[in-house]
Amino acid sequence: MGIAIGAGIAVLTGLGAGVGIGLATAKSSEAIARQPEAAGQISKNLILGCALAEATAIYGFLIAILLIFMS
Amino acid sequence: MGIAIGAGIAVLTGLGAGVGIGLATAKSSEAIARQPEAAGQISKNLILGCALAEATAIYGFLIAILLIFMS
Amino acid sequence: MGIAIGAGIAVLTGLGAGVGIGLATAKSSEAIARQPEAAGQISKNLILGCALAEATAIYGFLIAILLIFMS
């Protein structure tokens, strides 16, 4: 029982990354609209930020997987 | 039972980093649009901030891993 | 049982640092775009602020480590 609750709480970590990546994408789109010739640099920036934010969601996912399969 | 819940709560720390990295990326994209010639300095700034924010997520991940494997 | 939950709650402190460092980085990028020639000073400022915010996450991490290894 506790394992299921723990795994549920663990994967909830993705909530922050979901909001963060959304915000980053939103502002990047706005930025490309403002300076279309800087689109390459802005995309590179977005990929860097999103990869790091995504990693936080993957930590929660990994812990949930570990909790389920280690018990 | 308590260990699974504890590990879940621990890894939840990544939530803050997910939102924080997203915010940092959002404003950095906006900044590159404003001053494309400062893109290098802005990227350096973003990498520094994101590495420190990511570290807070890694602390939670480490504690979750310790809780799972130390018991 | 209580130790694992306590350690999880302790390391959750990093949540604030994750958001805070993200906000600091966001506004620093904006500031560099506004005054690219002040980038060195802005970076120095960011490093100082982030180090102090990071310390709050380390407090939570240390308490979690102590809880796990002292029991």
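Is A:Cys50 buried or exposed? In this predicted model, A:Cys50 is buried, with a relative accessible area of 17%. C:Cys50 likewise counts as buried, at 1% relative accessibility.

No disulfide was found in the model: the count over all chains is zero. The closest cysteine sulfur to that of A:Cys50 belongs to B:Cys50 and lies 10.0 Å away, which is too far for a bond, given that a disulfide requires two cysteine sulfur atoms within 2.5 Å. C:Cys50 is also in no disulfide, its nearest cysteine sulfur being that of B:Cys50, at 9.8 Å.

The contact between chain C and chain B was examined in turn. It draws 39 residues from chain C and 36 residues from chain B. Between them, the two chains bury about 3100 Å², of which 77% is on carbon and sulfur atoms. Chain C and chain B are joined by one salt bridge, formed by the side chains of B:Lys27 and C:Glu30 with an N to O distance of 3.6 Å. Five residue pairs, both members at pLDDT 80 or more, are in polar contact between chain C and chain B.

On the side of chain C that touches chain B, at least two residues come from each of α1 (2-11), α2 (14-34) and α3 (39-70) of chain C. The largest share is supplied by α2(C), with 17 residues. Sorted by class, this side of chain C comprises 27 nonpolar, eight polar and four charged residues.

Definitions and conventions: Residues numbered from 1 in each chain as written. Chains lettered and ligands numbered in written order. Predicted model: local features only at pLDDT ≥ 70, side-chain atom pairs only at ≥ 80, totals over all residues. Heavy atoms only, no water. Contact = heavy atoms within 4.5 Å. Buried area = accessible area lost by both parts, 1.4 Å probe. Salt bridge = Lys/Arg side-chain N within 4 Å of Asp/Glu carboxyl O. Polar contact = N/O pair within 3.5 Å; in protein donor to acceptor, adjacent residues only side chain to side chain. Helix = DSSP H or I, 4+ residues; strand = E, 2+ residues; numbered from the N terminus. Nonpolar A, V, L, I, M, F, W, Y, C, P; charged D, E, K, R; others polar. Buried < 20%, exposed > 50% of the residue type's maximum accessible area, 1.4 Å probe, protein only.
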